[in-house]
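I have put my notes below as numbered points, to be read with the structure open.

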Amino acid sequence: MRFTNAVRIERPVGTVFDYLADLRNLPAWNYAIRETRPVTPGPAGLGSVYQQVRSLPQVMRERLEIVEYERGRRLVIEGGFGPFQGRAIYDLEGSATATHLVNRFELEAGSLKVPSGLAARGMAVAVARNLRVLKDLLEAPGAGNGR
């Protein structure tokens with residue numbers, strides 16, 4: 001299952017990337033995530049591993065790993081996304097004032113009994129909503145400074 005969303009964020013590309021790459025920020029803009037904590041020490045980067053607690057569609061623990069990290073350009077996260085396993089890919093283009101963010105998901109449904117087209121549409125809508133929250137958070141005055 002694959003789907004793509006895009007959003008323009010009126011913030012510098014480095015600010016958007018750094019906020020995205022620190023997965024501890026996920027609960028602030030993803031309504032289905034209760035908590036995301038680093039497992040590996042140090043700042044976010046290639047190979048960083050996180051443990052996440054999801055509250056929807058049910059409470060579950062997930063492991064996420066940053067498998068590509070090209071600051072200001074590309075971030076790829078592999079792991080659990082609800083009942084799916086797969087990748088979240090963030091491609092960024094921008095300037096000192098704005099960022100065009102394209103987010104793609106590549107997911108395997110496993111034993112899920114929902115037709116993949118229906119599941120993809122529902123998830124794509126939910127992710128688009130989350131990206132609008134991310135945009136609003138980062139565009140707020142004084143925002144985007146991370147944790």
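Which strands does helix α1 lie across, and at about what angle does the helix run to β6?

1. Let me start with that question, bearing in mind that this is a predicted model. Helix α1, residues 13-21, lies across β1, β3 (49-54), β4 (60-70), β5, β6 and β7 (99-108). Its angle to β6 is about 165°.

2. As a reminder, an α-helix has 3.6 residues a turn, so residues three or four places apart point the same way.

3. Now for the overall layout. The protein chain has three helices and seven strands, and along the sequence they follow the pattern β-α-α-β-β-β-β-β-β-α. Of the contacts with a separation of 6 or more, 49% are between residues 24 or more positions apart.

4. The seven strands make an open sheet in the order β1-β7-β6-β5-β4-β3-β2, with antiparallel pairing. At its edges are β1 (2-9) and β2 (33-38), each of which pairs on one side only. On average, neighbouring strands of this sheet are turned by 20° against each other, direction ignored.

5. Strand β5 deserves a look of its own. Six of its eight residues are buried, so β5 is largely enclosed by the rest of the structure.

6. Within it, Val76 has Ile89 of β6 as its bridge partner, while Gly79 stands opposite Gly86 in β6. This hairpin has two residues between the strands, and Gly82 takes a positive phi near 65°.

7. Please also look at Asn30, in the loop between α2 (26-29) and β2. Is Asn30 buried or exposed? Its relative accessibility is 14%, so Asn30 counts as buried, the cut-off being under 20%. A polar atom of the Asn30 side chain lies 2.9 Å from the backbone nitrogen of Ala32.

8. Glu108 is the next residue I would pick out, with its place in strand β7. Its relative accessibility is 59%, so Glu108 counts as exposed. Which residues does Glu108 contact, leaving aside its neighbours within four places in sequence? They are Pro83, Phe84 and Gln85. Arg87 is 21 residues from Glu108 along the chain, and the C-alpha atoms of the two are separated by 9.2 Å.

9. Finally, some totals for the chain. Of its 147 residues, 45% count as buried. The chain exposes about 7700 Å², and carbon and sulfur atoms supply 52% of that area.

Key: Residues are numbered from 1 along each chain as its sequence is written. This is a predicted model: local features need pLDDT of at least 70, side-chain atom pairs count only at pLDDT 80 or more; totals for chains, interfaces and linings use all residues. Side-chain values use heavy atoms; hydrogens and water are left out. Two strands pair if DSSP finds at least two bridges between them. Helices (H or I, at least four residues) and strands (E, at least two) are DSSP runs, numbered from the N terminus. Axes are lines fitted to C-alpha atoms, for helices over the stretch in contact, and angles run from 0 to 180 degrees between N-to-C directions. Contact means heavy atoms within 4.5 Å. Buried means under 20% relative accessible area, exposed over 50%, partly exposed in between (1.4 Å probe, protein chains only). Accessible areas come from the Shrake-Rupley method with a 1.4 Å probe; for residues, only the protein chains shown count as cover. A polar contact is a pair of N or O atoms within 3.5 Å; within protein, one must be able to donate a hydrogen and the other to accept it, and residues adjacent in sequence count only if both atoms are side-chain atoms.
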